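Subject: Structure handover and findings

Dear colleague,

Please find below the structure that I am handing over to you. My notes on it follow directly after.

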Amino acid sequence: MAMPENVKTSPDYPVPKTHKAWVLDDPGQLRLTEKPVPVPGRAEVLVRIDAIAVCGTDIEVIYQGPPALIEGGVPFNKNWTPGHEYMGTVVALGLGVDEYAIGDRVTVEIHAGCGQCKRCREGMYTSCHNYGKNYGDVNKGHRANGFTTDGGFCEYAVNNINTLAPVSDQMSDEEATLVVTAGTSMYGLTELGGLVAGESVVVTGPGPIGLLGVAVAKTLGAYPVILTGTRDNRLEIGSKLGADHVINVRNEDVIEKVKEYTGGIGADYVLECSGAANSLNEAGKMANRGGKICLAAFPHEEVMVDVMHLVANNIYVYGIRGEGKSGTRRAAAFMDQKRFDATLIHTHTFDMAELPEAIRYAKDRVEDAIKVVLKNDYAYEKQAAAE
Ligand SMILES: [Zn+2]
Ligand SMILES: [Zn+2]
């Protein structure tokens, strides 16, 4: 047995001693290796990873490092495994766990938080004050899988039960990997006020978070929902996910158009998902007086901001990190009820062994890739057994 006595396992889901795992060497250099299977502690389970999606933030950490933080520093050459948008099957239960059973299908959110700081106590565990403190004599038990602890580009991962959401049989493995992305969109809308029914929402940038931001806003009853972007094929997917209007910023005056669609005054909420340099200034002009802007993308440069416009118009600006306040579970509930079809953003599937190629597809948007999903071998075995 690979697992210690106080960890529950089942002969139906044998746990090996080691597993295949990708690790990050120098920036951009991924290597497939063999690692010991991690052991779940109190309030933790071991998840056999069946499928995982590549996220834009994975590409950030693999090439640049931050926001990954391993043992207080950059994540390079530390035998660390990236990847955070995974789903799988519970195969071992740590001490005290009765909330989940072995064999349960689950999807995960990233941040377990330390559970004891001010922000964790407020439900803002993605802003944990002990971020990355999980080693040596500063071990506060913080986990953000794929950022401060080992992630999911491998076969097995430990997850705190507070990061799990159940997946019903009607949801495919591929779709379940998209729950955390929808959870980020849900968290953004939560921070903007949550009650967006009948309120106007602009989503800027039709990447995965923006596209699912449209879907979540529409499902929450927002009206109208307006999506802006530069590529018509992405905007078309946004229409299918519920956008009432789409604006191609290359062809049209985006601020004029937003005003036209919102009775001349601008939108109540702007969810900024593009990370473009001028995006905050444009969002300020798209919002109405007293409106709210949520920044959900990482820009790549410092930007000049027209603060005068924001102050003079009482415009609120929020930054969000990831998917706090259990947004992931609320998004999973929408997806379970088929309130929108998140699979419209899943474009490519690879085997786990092909990770560098999958990353290239996602990074360079090969064949207009949006969400690229990787699957482990036993996911195919499971599928074959079910057929
Ligand atoms: Zn992500
Ligand atoms: Zn905390």
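The notes below cover conventions, a sheet, its helices, a pair of packed helices and some details of the loops.

Conventions

This is a predicted model, in which local features need pLDDT of at least 70 and side-chain atom pairs count only at pLDDT 80 or more, while totals for chains, interfaces and linings use all residues. Residues are numbered from 1 along each chain as its sequence is written, and chains are lettered from A and ligands numbered from 1 in the order in which they are written.

The sheet

Six strands form an open sheet in the order 10-9-8-11-12-13, and their pairing is parallel. Helices (H or I, at least four residues) and strands (E, at least two) are DSSP runs, numbered from the N terminus, and two strands pair if DSSP finds at least two bridges between them. The edges are taken by strand 10 (245-248) and strand 13 (316-319); each has a single partner strand, so one side of each is left without a neighbour in the sheet. From one strand to the next, the twist averages 15 degrees. Axes here are lines fitted to C-alpha atoms, for helices over the stretch in contact, and angles run from 0 to 180 degrees between N-to-C directions.

Strand 8 (residues 201-204) and strand 9 (residues 225-229) run parallel and are joined by four bridges. Within this pair, Val201 stands opposite Val225, and Val202 stands opposite Ile226. Helix 5 (residues 208-219) packs on the sheet, where it touches strand 8, strand 9 and strand 11 (267-272), and its direction makes about 165 degrees with that of strand 8. Helix 6 (residues 232-240) also packs on the sheet, touching strand 9 and strand 10, with a direction at about 170 degrees to that of strand 10. Contact between two residues requires that their C-beta atoms, placed from the backbone, lie within 7 Å.

On strand 8, Val201 and Val203 point one way, Val202 and Thr204 point the other way, and all are buried. A residue is buried if 20 or more other C-beta atoms lie within 10 Å of its own, exposed if 12 or fewer, and partly exposed in between, with C-beta atoms placed from the backbone.

Helices 7 and 8

Two packed helices are described by the angle between their axes and the distance between the axes. For helix 7 (residues 254-261) and helix 8 (residues 279-286), the angle is about 30 degrees and the axes are 9 Å apart. That makes helix 7 roughly parallel to helix 8 (angles under 35 degrees count as roughly parallel, over 145 as roughly antiparallel, 65 to 115 as roughly perpendicular and the rest as oblique). In their contact, Val254, Ile255 and Val258 of helix 7 meet Glu282, Lys285 and Met286 of helix 8. These contact residues divide into four nonpolar, no polar and two charged (Ala, Val, Leu, Ile, Met, Phe, Trp, Tyr, Cys and Pro count as nonpolar, Asp, Glu, Lys and Arg as charged, and the others, Gly among them, as polar).

How much of helix 8 is covered? Six of its eight residues are buried, namely Ser279, Leu280, Glu282, Ala283, Gly284 and Met286. The buried residues of helix 8 pack against strand 8, helix 7, strand 11, strand 12 (287-295) and helix 9 (307-312).

Loops and backbone details

Gly94 lies in the loop between strand 4 (85-93) and strand 5 (105-108). Gly94 is buried, with 22 other C-beta atoms within 10 Å. Leaving aside neighbours within four places in sequence, Gly94 is in contact with Val7, Pro40, Gly41, Arg42, Ala43, Glu44 and Val45.

Most residues other than glycine have a negative phi, and most peptide bonds are trans. The peptide bond from Pro66 to Pro67 is cis, with omega near 5 degrees; Pro67 belongs to the loop between helix 1 (56-63) and strand 4. Another cis peptide bond joins Tyr223 and Pro224, with omega about -10 degrees, and Pro224 is in the loop between helix 5 and strand 9.

Asn77, which is not a glycine, has a positive phi of about 55 degrees, and Asn79 has a positive phi near 55 degrees. Asn77 is partly exposed, with 13 other C-beta atoms within 10 Å.

Yours sincerely
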